[in-house]
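Look at the sequence and the structure shown here.

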Amino acid sequence: MLDFYLKEVAQIPRAGHDSLTLGFAQGARFAVSRARIRLRPRRYYRALLAHVSRERDPIESFFLEAMWYDVFHPDKLQAFSAVCAYPAIPRGLARTAEQMAGPYGNADW
């Protein structure tokens, strides 16, 4: 996902970008002005379309749901500044299935 973001969406070098947190509204429902769309050249959108048209159900199409902000805000890429403040990433091991299920259910996934 990070490689797709850096190469196809943000079009910036990988150096210094080992991880990324993207802010987005789930469901890919949004509005964008004509002026905002035209911040990028038509060839940029054609390249994205070609990339997601290679397969029947490309994973990159799901990635784009989280990347629309950056597609239409090349002047404010989230690779350089967050859209909003995020809580710190917890340190240590990931939570177990039992910890995630908590008191609400069976952790047998």
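Which residues of helix 3 (residues 42-52) are buried? They are Y44, L48, H51 and V52. Seen down the axis of helix 3, these buried residues fall within an arc of 90°, so they line one face of the helix; the arc is that of the directions from the helix axis to the C-beta atoms. On the other side of helix 3, R42, R43, R46 and L49 are exposed. Buried means under 20% relative accessible area, exposed over 50%, and partly exposed in between (1.4 Å probe, protein chains only). Helices are DSSP runs (H or I, at least four residues), numbered from the N terminus. Helix 1 (2-10) and helix 4 (59-72) are among what covers the buried residues of helix 3.

This is a predicted model, in which local features need pLDDT of at least 70 and side-chain atom pairs count only at pLDDT 80 or more, while totals for chains, interfaces and linings use all residues. Residues are numbered from 1 along each chain as its sequence is written, and side-chain values use heavy atoms, with hydrogens and water left out.

The structure holds two salt bridges. A salt bridge is a side-chain nitrogen of Lys or Arg within 4 Å of a carboxyl oxygen of Asp or Glu.

| Salt bridge | Distance, N to O |
|---|---|
| R14 and D3 | 2.3 Å |
| D75 and R36 | 3.1 Å |

D75 lies in the loop between helix 4 and helix 5 (97-101) and R36 in helix 2, so this pair ties together parts that are 39 residues apart in sequence. R14 counts as partly exposed because its relative accessibility is 41%. D3, at 49% relative accessibility, also counts as partly exposed.

Note on methods. Helix = DSSP H or I, 4+ residues; strand = E, 2+ residues; numbered from the N terminus. Contact = heavy atoms within 4.5 Å.
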